[in-house]
Amino acid sequence: MTPDTLGGGLHVSAVNDYDLTAVRADFPILSREVHGKPLVYLDSAASAQKPRQVIAALTDLYENDYANVHRGIHYLGAAATDRFEGGRERVRRFLNAASTREIVLTKGATEGINLVASSLATGGMLKAGDEVIITELEHHSNIVPWQFLRDRYGIVLKVAKVEEDGSLPAEAVERLIGPKTRMVAVTHVSNVFGTVLPVERIIAAAKAAGAMTLIDGCQAVMHRPVDVQALDCDFYVFAGHKIYGPSGIGALYGREALLEAMPPYQGGGEMIRTVTFEESTFADLPHKFEAGTPPIAQSVGLAAALDYVESLGVERIAAHEHDVLTYATERLSAIEGLRIWGSAPNKESVISFTMKGAHPHDIGTIVDRMGVAVRAGHHCAQPLMDRFDLPATARASFGLYNSKAEVDTLARALETVREMFA
Amino acid sequence: MTARPETQPSEDAGAAVPEDLVPIDEAQEDLVAEFGFFDDWMDKYQYLIDMGRKLPEFPEDWRADDYKVQGCQSQVWFVPEWHGDRLHLHARSDAHIVNGLIACLLRVYDWRTAQEILDTPPDFIAEIGLDQHLSGTRANGLRAMLDRIFSLARARGQGGGAA
């Protein structure tokens, strides 16, 4: 890098004014080598790498302001509480929720979905005979919690069908909605195919039928702006670690009236107002749902990650990623024997693929030796893999720091795979 | 043990200890030496892939859930059977590289006695430089297959009798 590019930020990519060189410099791990080769990290859909701004926020909290929250009368207790609650406010702004009372900080998106499913059932808001609609594109974390309710409470689980190209039209959900539908729980973006679901229409259809809605935004929030008030969903979850924040934290947005009506999920400290051996009364929202010491540092780290993403601009990130996705789709399609799974017109930067003669595990192993990290397996979406009769796929996913040059490295590595298994 | 498919050979179906079976220590040393010939990791993997391709036949209907060793990236089907005091192993994966690793395991552990197995930890995998493939149970079925070989040997060693 020359002083010019450092000082003036003049080094820009072809699309808009996205300064990829500067962005990459924010991620220390991207400069390391793997097996003696420069790391090409194409597994951000599993977990994204962290910018130094997030790492610095964590370090700063631990070095200066750390203590338990909502308890101590001492200085650090108050400082840590401010910073922890600052993370909640940051998430509220990010999702444009009306109030921080609607933002529950969880240990991840999985816990958010389990919390909603469990509390709705124990609160009698979902009961035997009530129908819950999910789709074939769901991650296991938006399947198994509802299966628990089916097996324990007798709710009925209905599954909307995906099309051959990996798309899921709103009609697929709409045709399952009936008088007994009480919940429609769908992913915003498929973690296997990258398909963007028409959640606006799905939410409107569910609402018209008097059903609640939950959107799994794990693969969406880092790629597209999300406004829960505009969406008008009842619940929205996402994971911190996939949006360049720490692991161990997720956020659940819930409509205040529903969260008010739902009983607590877990019992413990923090979530109570009074406790006697006869009975306990519970804290106000959102703390009613946050039993035990919460993810304090993670909240601070998540806030830094959201600051980082919004400083680049979600739309600009999306434009860059789509540019990389289009290029990668072209490059990979040109490889003999390679097949891309999932070609919905509206998709995010995820490419699932298989290669003739090589198992995805073989692909992942060989490209790893060339420094390229991809995922291989069923991607925690076994029903979807079964639907397409696939034991596994390899998956390359692109984040805000990936470049076309990295796509070239992937393509070269895949040519090597093709030769080795020919 | 789980029920065997109808097609599985019984103990007297003619399978016998191969005449060219080398002592278990020698089998390990040979493997390490063979992989040592290659300087380049690509050649090592190519050799591994070729070893996997030369695995003995594995009947289609043994690729059954009863024999599946769970793994989230690739699958392994594993059918162990005792012939007298020796453990005979059949295994296959849907991934070439895993088949190569299975071939390595068979070179060392197939047709061995319980005591031979228990005396031979799988150190050769690390010496070859392929230990990352054994790093977790989630990634593939190899770790589980290896654990199973050792638990069978332990059960036998403790007077478990014919499995």
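Predicted model: local features only at pLDDT ≥ 70, side-chain atom pairs only at ≥ 80, totals over all residues.
Counted up, the secondary structure of chain B comes to 6 helices and 4 strands.

Stay on chain B and look at how its residues are placed. The chain has 163 residues, and 33% of them are buried. Next, take the contacts between residues of chain B that are at least 6 apart in sequence: 67% of these join residues at least 24 apart.

Now show both chains and go to where they touch. Here 16 residues of chain A are in contact with 14 residues of chain B. On the side of chain A that touches chain B, select α13 (360-369) and β16 (375-377), each of which supplies at least two residues. The largest share, 7 residues, comes from α13(A). Colour this side of chain A by residue class to find 8 nonpolar, 6 polar and 2 charged residues.

The last stop is a pair of helices in chain A. Select residues 296-312, which form α11 of chain A, and residues 314-333, which form α12 of chain A. Their axes come within 5 Å and cross at roughly 70 degrees. Angles from 65 to 115 degrees count as roughly perpendicular, so α11(A) is roughly perpendicular to α12(A).

Then show the side chains where these two helices meet. From α11(A), pick V309(A), E310(A) and L312(A); from α12(A), pick V314(A), R316(A) and I317(A). By class, this contact of α11(A) with α12(A) has 4 nonpolar residues, 2 charged residues and no polar ones.

Note on methods:
Residues numbered from 1 in each chain as written. Chains lettered and ligands numbered in written order. Contact = placed C-beta atoms within 7 Å. Nonpolar A, V, L, I, M, F, W, Y, C, P; charged D, E, K, R; others polar. Buried ≥ 20, exposed ≤ 12 C-beta atoms within 10 Å, placed from the backbone. Axes fitted to C-alpha atoms, helices over the stretch in contact; angles between N-to-C directions. Parallel < 35°, antiparallel > 145°, perpendicular 65-115°, else oblique.
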